[in-house]
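Subject: A structure to look through

Dear colleague,

I am handing over a structure that I would like you to look at with the sequence open beside it. Please read the notes below slowly and follow each residue in the viewer as you go.

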Amino acid sequence: MTYVSLLAPMAAAAHEVGALLLATPRRAAAPADTMEELAAAYLALEAPAVAVMRRHLDALLPGVPWAEELHDEQSPNADPNASSSAGPIAGPCAGTSPGTSADSSTGPGATPDTAPAPQLPVEGDVWTVDVIDGAVQFMRDLPYFCVSLALVRDGEPVAAALHAPLLGETYLAAAGHGATRNGETITPSARTRLEAALVGTSHPPFAAGQPAAVAAAGRSLAAVLPAVGAVRNLGPTSWQIADTAAGRLDAFWEYGRDDANLLPGALVAREAGAVVSDTAGRPWQAGASGFLVAPRELHGQLLDLLNPPLAP
């Protein structure tokens with residue numbers, strides 16, 4: 001099966017999940033006031049969507065695991081008696097289970113900022129799935145959410161689908177075959193100067209677990225904001241990256257590890273012709289501590305802002 005041939009069934013899965021989400025009442029009579037209440041409310045919303053997605057993906061590529069299952073198996077907090085058949089727990093922000101840090105400590109002295117991300121194997125296939133990227137907004141009846149998924153092979157995304165049901169839009173990309181939105185080829189912004197640019201940013205779920213990323217995000221916002229037309233956080237990370245690939249946003253950056261949300265958008269952006277790197281300018285790979293996507297004309301300018309020269 002080719003990467004391109006995966007896209008139609010992946011899109012069908014995302015569309016069915018999107019239709020289910022649109023039919024789901026989201027606002028509870030009593031709002032969640034604690035993380036435990038938020039997690040419980042999210043899990044109740046997520047479970048039916050996960051079941052639909054699992055049915056599609058298990059039929060498409062039998063035996064391919066979901067990244068969060070691998071994460072749970074390696075987590076020191078994982079319940080060894082828990083079954084993974086219900087699917088991954090993405091958490092109300094994305095990516096991680098509510099009440100746990102975004103990355104598991106895996107060795108002596110490891111911290112949420114230094115521990116390696118365990119969820120992606122070096123070899124083989126794995127799905128990265130977020131059935132509600134932008135779940136916090138979804139739960140507050142805000143329109144900024146999407147369904148996102150990617151097949152990752154040997155650590156690199158090779159097929160991706162993102163669907164925003166309220167917009168009626170779907171981004172698709174396959175390695176070596178370009179990227180589309182609703183069947184039309186997309187390309188990044190042609191802007192060459194930052195002064196009128198619209199730039200997006202976001203943060204990983206449960207950002208308190210990555211304090212270095214929080215500090216870097218603050219410094220970077222202070223550096224970028226005066227140099228551009230506007231900075232926005234428009235909701236789901238994966239969709240903002242895809243919108244950068246399509247030229248709606250001129251660039252997007254984020255600090256912290258957020259693979260589940262970055263991988264689908266990263267493939268869309270690469271296939272559209274945008275430059276995708278970490279915040280030091282190296283080619284982005286899963287597990288990197290920063291992410292930057294922009295058209296080539298703006299990419300270097302943003303790197304200069306994110307990496308100012310050290311004071312003498």
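What follows is an account of what was found, beginning with the chain as a whole and then moving to particular places in it.

Please keep in mind from the start that this is a predicted model. The chain contains 8 helices and 11 strands, and of its 312 residues 52% are buried. If you consider the contacts between residues at least 6 apart in sequence, 71% of them join residues at least 24 apart.

The helix to begin with is helix 7, which covers residues 259–272. Helix 7 has 14 residues, and the distance from its first C-alpha to its last is 19 Å, close to the 20 Å expected at 1.5 Å a residue. Is helix 7 largely enclosed by the rest of the structure, or largely open? Because 12 of its 14 residues are buried, helix 7 is largely enclosed by the rest of the structure. Among these buried residues are Asp259, Asn261, Pro264 and Gly265, together with Leu262, Leu263, Leu267 and Val268. After the helix comes Gly273, which has a positive phi, near 105 degrees.

Arg270 is partly exposed, and its relative accessible area is 26%. When residues up to four places away in sequence are not counted, Arg270 touches Glu156, Pro157, Val276 and Trp284. The C-alpha atoms of Arg270 and Gly178 are separated by 8.2 Å, although these two residues are 92 residues apart along the chain.

Next, please turn to the way helix 7 meets helix 6. Two packed helices are described by the angle between their axes and by the distance between the axes. Helix 6 spans residues 237–245, and its axis comes within 8 Å of the axis of helix 7, with a crossing angle of roughly 5 degrees. Angles under 35 degrees count as roughly parallel, and helix 6 and helix 7 are therefore roughly parallel to each other. On the side of helix 6, the residues that take part are Thr237, Ser238, Ile241, Ala242 and Ala245, and they meet Asn261, Leu262, Gly265, Ala266, Val268, Ala269 and Ala272 in helix 7. Sorted by class, this contact of helix 6 with helix 7 has 8 nonpolar residues, 4 polar residues and no charged residues.

The aromatic residues come next, and the count of aromatic pairs comes to 4. In one of these pairs, Phe252 and Phe291 are arranged edge-to-face, with 6.3 Å from centre to centre and 65 degrees between the planes. This pair links distant parts of the chain, since Phe252 lies in strand 9 (residues 251–255) while Phe291 lies in strand 11 (residues 290–294), 39 residues apart. Phe291 also forms an edge-to-face aromatic pair with Trp284, at 5.4 Å centre to centre and with 80 degrees between the planes. Both Phe252 and Phe291 are buried, and so are both Trp284 and Phe291.

Two residues stand out for their backbone angles. Most residues other than glycine have a negative phi. Asn182, however, has a positive phi of about 50 degrees although it is not a glycine, and Phe206 likewise has a positive phi, near 50 degrees. Asn182 is found in the loop between strand 5 (179–181) and strand 6 (184–185), whereas Phe206 is placed in the loop between strand 7 (198–202) and helix 5 (211–224). Asn182 is partly exposed, with a relative accessible area of 45%, while Phe206 is buried, with a relative accessible area of 16%.

Finally, please find Leu7 in helix 1, which runs over residues 3–22. Leu7 is buried, with a relative accessible area of 12%. Leaving aside its neighbours within four places in sequence, Leu7 is in contact with Ala159, Ala160, Leu172, Ala173 and Ala174. Of these, Ala160 is 153 residues from Leu7 along the chain, and the C-alpha atoms of Leu7 and Ala160 are separated by 7.2 Å.

With best wishes

Terms used. Residues are numbered from 1 along each chain as its sequence is written. This is a predicted model: local features need pLDDT of at least 70, side-chain atom pairs count only at pLDDT 80 or more; totals for chains, interfaces and linings use all residues. Side-chain values use heavy atoms; hydrogens and water are left out. Helices (H or I, at least four residues) and strands (E, at least two) are DSSP runs, numbered from the N terminus. The expected span of a helix is 1.5 Å times one less than its number of residues. Buried means under 20% relative accessible area, exposed over 50%, partly exposed in between (1.4 Å probe, protein chains only). Axes are lines fitted to C-alpha atoms, for helices over the stretch in contact, and angles run from 0 to 180 degrees between N-to-C directions. Angles under 35 degrees count as roughly parallel, over 145 as roughly antiparallel, 65 to 115 as roughly perpendicular and the rest as oblique. Contact means heavy atoms within 4.5 Å. Ala, Val, Leu, Ile, Met, Phe, Trp, Tyr, Cys and Pro count as nonpolar, Asp, Glu, Lys and Arg as charged, and the others, Gly among them, as polar. Rings of Phe, Tyr and Trp (its six-membered ring) pair if their centres lie within 6.5 Å; planes under 30 degrees apart count as stacked, over 60 as edge-to-face and the rest as tilted.
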